[in-house]
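Work through the exercises below with the model open. Each task is followed by its solution.

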Amino acid sequence: MNYLGAELRGTVGVAKDNGTKFKQIGAYLKPNYDITDEINVYGLLGASKTNMNPNGTETGFSYGAGLDYGVTDNVSVFTDAVNYMKKSGSASQWGLNLGAKYQF
């Protein structure tokens, strides 16, 4: 579909406040829109599961937004901000991502 995709993501990181390591997996719907031939803006809406040892595992709603820039027809770079855990009674877990992708 031209304006809606789906995406699976996995993240490994370290919490800024206490250095706790975490692992996160998520599944997202990805509405998107091409501003130009090279620039695409998108949103992320879905669910994620985060394991923050020793605090256990949490599952909740995730959302975010980002920008993708096409370097070539097959290669692009992106940046996005994602709230990995939006759940009552749990601390929000925000992440800022930078990456590159190759499209087959």
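**Exercise 1.** Classify phenylalanine 104: buried or exposed?

Solution. Take the relative accessible area of phenylalanine 104, which is 91%. Apply the cut-offs: buried is under 20%, exposed over 50%, partly exposed in between (1.4 Å probe, protein chains only). Phenylalanine 104 is therefore exposed. Tyrosine 102, with 52%, is exposed too.

The model is predicted: local features need pLDDT of at least 70, side-chain atom pairs pLDDT 80 or more, while totals for chains, interfaces and linings use all residues. Residues are numbered from 1 along each chain as its sequence is written, and side-chain values use heavy atoms, without hydrogens and water.

**Exercise 2.** Find how many aromatic pairs the structure holds, and classify one of them.

Solution. The count is 4. Phenylalanine 61 and tyrosine 63 lie 5.8 Å apart, centre to centre, with 25° between the planes. Rings of Phe, Tyr and Trp (its six-membered ring) pair with centres within 6.5 Å; planes under 30 degrees apart are stacked, over 60 edge-to-face, the rest tilted. This pair is stacked. Now take tyrosine 102 and phenylalanine 104: the centres are 5.4 Å apart and the planes stand at 80°, so the pair is edge-to-face.

**Exercise 3.** Which residues do ring pairs link into a cluster?

Solution. The cluster consists of Phe61, Tyr63 and Trp94. Check accessibility next. Phenylalanine 61 has 40%, so it is partly exposed. Tyrosine 63 has 27% and is also partly exposed.

**Exercise 4.** What sits over the ring of tyrosine 42?

Solution. It is the charged end of lysine 30, 4.3 Å from the ring centre. The criterion: NZ of Lys or CZ of Arg within 6 Å of the centre and within 35 degrees of the ring normal.
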